Amino acid sequence: MITIHNLTKTYSGNTVLKIDDLEIPSGSSFGLVGNNGAGKTTLFSCLLDLIKASTGHIENNGVQVDQSEEWKTYTSAFIDETFLIGYLTAEEYFYFIGELRGQNKADVDALLGQFQDFFHGEILGQKKYLRDLSKGNQKKVGIVAALIGKPKVVILDEPFANLDPTTQIRLKKIIKEMVEDPNVTVLVSSHDLVHVTEVCKRIVVLEKGEVVKDLMTSEATMQELEAHFNK
Amino acid sequence: MVKHFFRLQWKSFWRSASLSSSLWMKILMGLAALYFIVVMLGGGFGAYFYIKKELAQDPLTVANQFLVYWIFADLLFRYALQKMPVIDIKPLLILPFKKGKIVSFAFFKTVFSFFNIIHAFFFIPLSVLLIADGGKPVTNTLLWLLSIVALLYTNNFLNILLNKKDNLVIIIGSILAVTGGLQYFGYFDITLYTAPVFDFLFTTSWAVLIPVVILLILIKLAYTSFYNDLYLDAGLSSKSKSIKTENLDWLNRFGKTAVFLKNDIKLIKRNKRARTTVLVSCMFLFYGLLFFTGAVEVYDGPVWRIFAAIFVTGGFLLSFGQFVPSWDSAYYPLMMSQNIRYKEYLSSKWWLMVIATVVSTILASGYLYFGWDVYVAILVAAVYNIGVNSHVVLWAGAYVKTPIDLTSNKKAFGDKQAFNVKTLLLSLPKMALPMILYAIGHYAYSPYAGYALVGIAGVIGFAFKDRVFDLIEKIYKTEKYKTLAAYKQKK
């Protein structure tokens, strides 16, 4: 459960994020859409306490993220390539994250086993450092690493971008399976309206940092979104 | 055509993200350049008169004798420091530029590199004196000078050609060290064989053709190599070797710290920039020779011993430690959103520095040659480094917000912003405090009292480890957002 209170972020007089009240209950998949500069990544960065909010605060399962670091034990994220350690191989990276999240090698291996399909034979045993992988494959690594250690909150920024069609379809399946657990919250941002309406039960549209639409996904959602962005 | 290149260069220089923030650094760099120019100028004049008056030898003969070292040392420095002539080539490839032009321009830039110009400040005064004071024939001297210029430019292009080869620098470095050592101790004098070559370049007028032809061949080779490499999958791609996943499980005995220690070891092994710090610390091992051999008079005072010993044992500590946590700048957001205990993270870096200091101290046992006294200085300096300096550099590092591009080693010496006032202040106790402590003991009682004081300071510092780590942790926390923002800026 994530609650946002009076959150704003201002850069030299320019407000890029302004969310008065937003509540994301556990066991849901939450989609964030919006054009470039709408504040999606800023919101996620605030959630991860990577950016200090100008006013207001965020609570992640009762923990105020800029006051305590407790939320880190059950939250994981993949925002961009700064979440990857370029000089490690994929395996080394997974084990490293695993150790940070209290998982031993066997645990990590078991988890990776479930994602053989998703990796499509391009990640494990590649004899390459992460920095030498293609953008799409880096993304696969980052997304799977964010699932290590049974996190209760998973934050993925633009997870579908750069992925090939097969992997996009597999990722949608993974996200849907994840939120079957009532304790898990998945937050996803995307520019792809089709994907996001398919995987998310709830979709919030940001525009210039403000929530302009808050929809429970239904048959009509896609049309409504298209109408909104086609203004 | 060339006009476009110049315009692009101009803009990339003035608009780089680092420029505005690093005005001080630019000034410092300028001062450093000025310093080197003055040293070289002084060296040119000084060497001539020193050889003539003090050694009562022909300056030309002695110069020819040592030129071989000069040229190899030059290659070594270039390898370590000179930037590769890479203009932002990728976007130019599909534009209507001739490839030859791109390569020529890149090479043209290197011709005016500081590493080429600096030699002029030594050799031109030397040549002038050889003619004016030494009465050497003008043409011979000029042709000799030209030969040296050709050889130094040969180095320039050799460096361009060989820059990707990592082992080379180690090979050249060790050859230089071994031959230098053999000559110093009088076993084998390589200059006996090389001096005649340079003498030949002086006495025979057509001999100048040899270095010039070598230079031309190298330019041609470098040109073809670069020309053929102008493809995305060739020279412009980052080389990716086939590598293996490493286990390093034996480090698990370090407990929780092992998670980071394993990572840090990979960091050093797999990134050029980090490997350079290891190289630097090896070079610092030899730094003491300047002091303990009495080679430089200014450094003869007993207090300088401690200064030298701090560097000899602390080369790695100083060059690596001051950039913690910047080494992890590329993935700092990951570190900040993971459940990381700062103490474990810090103690991993601390252990690395301690291990490196201990290894350096063992390697420095070669200094026993200069007497027990010298080695005691090194031992107490090691204790001081572990006890006090390891904490001080980590503390100073917490304020350094320079992102480090791990894969490049361009700026290994003197990264920007590493020089801010806070780090400057914190670097004082690194050097000054042990020297003062020693001086107190030395002049008040005896040299051994001085050593004891420095050693005791080290042991006391060690006791404060946890306190200091708490302090650094607090700094990391308060500076977190600033650090994240600073690391976001590339270049």
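## A walk through chains A and B

Start by selecting chain B: among its contacts between residues at least 6 apart in sequence, 79% join residues at least 24 apart. This is a predicted model, with an ipTM of 0.90 and a pTM of 0.75.

**Stop 1: chain B as a whole.** Switch to a cartoon view. Chain B has 20 helices and 0 strands. Of its 491 residues, 33% count as buried. Now colour by pLDDT: the average for chain B is 80, and 85% of the residues score at least 70. Then select residues 409-420 of chain B, where pLDDT stays under 50. The model has 28 contacts beyond four places in sequence for this stretch. A word of care here: where pLDDT is low, the predicted coordinates should not be read in detail.

**Stop 2: the nonpolar cores.** Which residues have the most contacts inside the largest nonpolar core? Select Tyr93(A), Ala381(B) and Val454(B), which hold that place in a core of 134 residues. Helix 16 of chain B, residues 372-397, gives this core its largest share, 15 residues. Zoom in on Ala381(B) and leave aside residues up to four places away in sequence: Ala381(B) then touches Ile306(B), Ala309(B), Ile310(B) and Thr313(B), together with Pro434(B) and Val454(B). Next, select Leu67(B), Phe122(B), Leu143(B) and Leu158(B); they are among the members of a second, separate core of 32 residues.

**Stop 3: a cis peptide bond.** Go to Val324(B) and Pro325(B). The peptide bond from Val324(B) to Pro325(B) is cis, with omega near 10°. Most peptide bonds are trans. To place it in the fold, show helix 13 (302-321) and helix 14 of chain B: Pro325(B) lies in the loop between them.

**Stop 4: where the chains meet.** Show both chains. At their contact, 26 residues of chain B meet 26 residues of chain A. On the chain B side, highlight helix 11 (258-270), helix 14 (332-337) and helix 20 (480-488), the elements that give two or more residues to it. By type, this side of chain B divides into 13 nonpolar, 9 polar and 4 charged residues.

**Stop 5: chain A as a whole.** Hide chain B for now. Chain A has 8 helices and 10 strands. Its radius of gyration is 17 Å, close to the 17 Å that the globule rule gives for 231 residues, so chain A is as compact as a globular protein of that length. Along the principal axes, its C-alpha trace spans about 45 × 40 × 35 Å. Of the 231 residues of chain A, 46% count as buried. Among contacts between residues at least 6 apart in sequence, 66% join residues at least 24 apart in this chain.

**Stop 6**

**Stop 7: helix 5 of chain A.** Select residues 135-145 of chain A. Is this helix largely enclosed or exposed? Of its 11 residues, 9 are buried, so helix 5 is largely enclosed by the rest of the structure. The buried residues include Lys139(A), Lys140(A) and Ile143(A). Among the elements that cover them are helix 2 (90-100), strand 7 and helix 6 of chain A.

**Stop 8: two positive phi angles.** Most residues other than glycine have a negative phi. Glu158(A), in the loop between strand 7 and helix 6 of chain A, has a positive phi near 50°. Glu158(A) is buried, with 20 other C-beta atoms within 10 Å. Lys208(A) also has a positive phi, near 50°, and lies in the loop between strand 9 (202-207) and strand 10 (210-216) of chain A. Lys208(A) counts as partly exposed, with 14 C-beta neighbours inside 10 Å.

**Last stop: Thr15(A).** Find Thr15(A) in strand 2 of chain A, residues 14-24. Leaving out residues up to four places away in sequence, Thr15(A) touches Thr8(A), Thr10(A) and Gly209(A). Finish by drawing a distance from Thr15(A) to Glu210(A): their C-alpha atoms are separated by 9.7 Å, though the residues are 195 apart along the chain.

Technical notes:
Residues numbered from 1 in each chain as written. Chains lettered and ligands numbered in written order. Predicted model: local features only at pLDDT ≥ 70, side-chain atom pairs only at ≥ 80, totals over all residues. Core = buried A, V, L, I, M, F, W, Y, C linked by C-beta atoms within 7 Å. Buried ≥ 20, exposed ≤ 12 C-beta atoms within 10 Å, placed from the backbone. Helix = DSSP H or I, 4+ residues; strand = E, 2+ residues; numbered from the N terminus. Contact = placed C-beta atoms within 7 Å. Nonpolar A, V, L, I, M, F, W, Y, C, P; charged D, E, K, R; others polar. Rg over C-alpha atoms; globule rule 2.2 N^0.38 Å. pLDDT = per-residue confidence, 0-100.
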